[in-house]
Amino acid sequence: MTSKLNPKQQQAVKNISSPLLVLAGAGSGKTSVITQKIAYLVENCQMPAHKIMAVTFTNKAAREMKERVNNIIPRKSTRGLTISTFHNLGLNIIRREHRHLGLKPGFSIFDSQDSLALIKDLMQRESGDENAIIDSIQHTISNWKNDLLSPQQALSYATDDSELLAARVYAAYNRLLRAYNAVDFDDLILLPTNLFLEQKEILDKWQNKVHYLLVDEYQDTNHSQYLLIKLLVGVKASFTVVGDDDQSIYAWRGANPENLTQLKTDFPKLEVVMLEQNYRSSGRILKAANQLISNNPHLFDKTLWCDRGFGDPIRIVRQKNEDKEADFVVHDLMTHKLQKGLAWNDFAILYRGNFQSRIIELKLQALSVPYKVSGGTAFFSRSEIKDIMAYLRLLINRDDDNAFLRIVNTPRREIGISTLEKLGEYASGRQISLFAATQELGIESILPKRNLEKVREFSQWITDISQLCRERSPTAVIKQMIQEIDYPGWLSDQSNSPSAAEKRLENVWQLVKSIDKMLLDTDDLSSGEDPLENVISRLILRDIMEQQEEEDDSNRVQLMTLHASKGLEFPHVYLIGMEEELLPHRASIEEGNIEEERRLTYVGITRAQQTLTLSLSASRKQYGQTIEATPSRFLDELPKEDLDWHGMGIERSQEEKKSTAKAHLSGMRDLLR
DNA sequence: CACGTATATTTATAT
DNA sequence: AATATACGTG
């Protein structure tokens with residue numbers, strides 16, 4: 001079974017006696033090692049699958065891993081096997097232990113948008129408001145949570161006024177979250193970790209559930225995630241973590257690649273296996289990647305090698321502007337596809353920021369090329385999706401004031417601002433949620449009769465619907481609900497054109513379809529919890545939806561950010577926008593964090609199996625203004641002999657043009673002398 | 001409440 | 001530059 005693996009990989013799979021760190025270079029088969037190891041544990045070591053846990057960072061990675069495990073061993077022997085993301089794992093722990101955390105069942109999960117809205121709300125009471133400050137406060141709070149600092153600790157460690165303000169907001173924010181019976185994304189890790197630290201019996205219980213732990217992309221763990229792992233494995237220390245410091249690209253959200261070296265200190269018996277043979281890319285691509293990354297300092301010294309052919313030169317194409325750049329990429333892609341009889345999904349177009357997809361999408365649409373944009377938050381940020389999600393959130397957690405406010409008057413129920421203000425005043429005075437307030441007798445004296453009726457009507461309706469959900473098929477009830485509020489009618493009122501309304505309604509049905517499918521899938525796992533709650537919370541974590549999309553025709557050109565591309569591979573890769581200020585991104589240049597941008601470029605390059613095309617533009621429109629763009633410094637760090645330049649010249653900025661002209665001139669003078 | 005005009009905001013990266 | 005939001009008027 002493990003015969004397809006090379007000796008190093010086999011060593012990584014078969015070593016189960018000591019804690020293990022696998023340093024896996026790009027394309028060295030790290031997912032194979034994890035999946036084969038799961039199979040090995042089940043089949044050779046007779047370890048029950050429900051005692052094995054594998055943790056990844058993205059839903060996509062978790063899904064792929066499940067699929068690959070099911071391909072090597074029969075489905076029935078993987079029963080109970082846990083393969084999930086960190087956040088999903090945290091969510092499951094919180095769901096099981098919610099009583100110990102002061103949460104009621106059906107608690108809400110606030111995504112970053114919800115959190116930001118909450119902080120904004122708080123700040124308006126505290127002091128003046130500026131958007132940049134609010135953003136930085138949200139970021140600061142998130143960092144504190146990742147470092148497991150309580151509001152009290154943050155307050156005592158605060159050194160300047162802005163930190164002091166952030167710490168005060170942090171305290172209020174946390175209190176409000178609890179009042180809403182809600183947790184944020186960071187809480188999904190922080191709450192279980194703190195719980196394990198504080199309550200020995202609960203930790204014991206969970207440690208018994210995990211006989212072996214595997215962690216993917218270990219270099220991406222932050223402090224709280226590392227601690228969670230450490231707590232889960234306990235003194236048994238039966239674990240394998242797989243990572244690559246060269247692919248650490250999440251420092252900005254607290255990832256700490258030092259956790260790789262920390263492991264040696266915390267687990268003296270740690271064994272280290274290095275995987276250096278690359279099975280993915282051509283020799284040329286690998287050589288370029290190696291040379292680029294050699295400009296970075298390393299925690300560990302790895303040298304990737306491969307025994308594949310050397311392959312085509314790496315093309316670098318520079319166009320006059322971003323429009324021409326997009327034209328080139330799309331046309332070039334089409335030409336290759338047709339000439340070589342390739343499939344659309346043999347191609348990927350990668351970029352630094354989501355906004356860069358737009359122009360490419362336009363060109364692809366013009367030529368009716370099927371494509372798929374992954375990542376981005378487009379779907380969930382659509383107002384119709386947010387509306388329906390708010391309804392669902394309110395159904396499972398009536399104390400979710402954010403959801404309440406979003407939908408109480410959407411569609412119109414003649415519940416206006418003044419009514420809500422009075423209701424809000426009443427609710428906050430009594431420390432209860434808005435929904436709870438609607439059912440109190442006390443509001444009868446403060447609301448005019450007509451308004452009171454409307455509020456009561458809404459409140460009763462929500463109660464009835466959530467009751468119905470328990471009795472009948474939730475999907476049918478959701479459909480009924482959408483009809484009862486005449487959401488289709490509301491959409492056509494709100495939209496500019498009938499076709500736009502239709503499209504938005506279509507999005508709503510897609511959401512319902514996903515929920516339906518998910519409820520069916522969840523049923524046979526029968527976790528004993530409310531399946532609707534389960535599905536809604538997973539939806540908020542952006543799980544589910546993508547799954548649906550994957551299933552329909554996936555033969556499409558893949559568009560995604562460099563971050564989203566990690567862990568994937570494609571025969572032919574286009575990496576666009578290879579310019580200073582874009583890659584490396586301006587913010588990183590200003591922070592002096594070029595190394596992470598270099599790793600990001602490294603990740604992009606190492607996605608390519610056969611051909612790699614780097615493209616750039618000489619000018620770019622920014623906020624309506626056209627500005628000159630300088631080729632990325634990373635292009636200079638690639639082996640010149642393996643590059644093939646096309647398009648416009650490779651002059652640098654104007655200054656450099658001048659300086660080369662000067663050099664030329666002085667050279668001429670020297671000759672004349 | 002619909003419509004027009006003024007003003008703000010957009011371009012990190014993700015669970 | 002283009003799009004979203006806010007505000008005011010009829």
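## Helix 15 and the sheet

Helix 15 (residues 357-366) lies across strand 10, strand 11 and strand 12 and runs at about 160° to strand 11. Helices (H or I, at least four residues) and strands (E, at least two) are DSSP runs, numbered from the N terminus. Axes are lines fitted to C-alpha atoms, for helices over the stretch in contact, and angles run from 0 to 180 degrees between N-to-C directions.

This is a predicted model, in which local features need pLDDT of at least 70 and side-chain atom pairs count only at pLDDT 80 or more, while totals for chains, interfaces and linings use all residues. Residues are numbered from 1 along each chain as its sequence is written, and side-chain values use heavy atoms, with hydrogens and water left out.

An open sheet is formed by seven strands in the order 11-12-10-13-14-9-17, with parallel pairing. The edges are held by strand 11 (371-373) and strand 17 (643-647), each with a single partner strand, so one side of each has no neighbour in the sheet. On average, neighbouring strands of this sheet are turned by 20° against each other, direction ignored.

Two strands pair if DSSP finds at least two bridges between them. Strand 10 (residues 347-351) and strand 12 (residues 557-561) pair in the parallel sense over four bridges; leucine 350 has methionine 560, in strand 12, as its bridge partner.

Contact means heavy atoms within 4.5 Å.

Alanine 289 belongs to helix 13. With 1% relative accessibility, alanine 289 counts as buried, a term that means under 20% relative accessible area (1.4 Å probe, protein chains only). Leaving aside residues up to four places away in sequence, alanine 289 touches Tyr602, Ile605 and Thr606. Alanine 289 and tyrosine 602 are 313 residues apart along the chain, yet their C-alpha atoms are separated by 5.7 Å.

## Helix 11

Helix 11 (residues 223-233) is largely enclosed by the rest of the structure, because nine of its 11 residues are buried. Among the buried residues of helix 11 are Ser224, Gln225 and Tyr226. Just after helix 11, glycine 234 takes a positive phi of about 55°.

## The hairpin of strands 15 and 16

Strand 15 (residues 619-622) pairs with strand 16 (residues 625-628) in the antiparallel sense over four bridges. Lysine 621 has threonine 626, in strand 16, as its bridge partner. This hairpin has two residues between the strands, and tyrosine 623 takes a positive phi near 50° there.

Methods
Chains lettered and ligands numbered in written order. Buried < 20%, exposed > 50% of the residue type's maximum accessible area, 1.4 Å probe, protein only.
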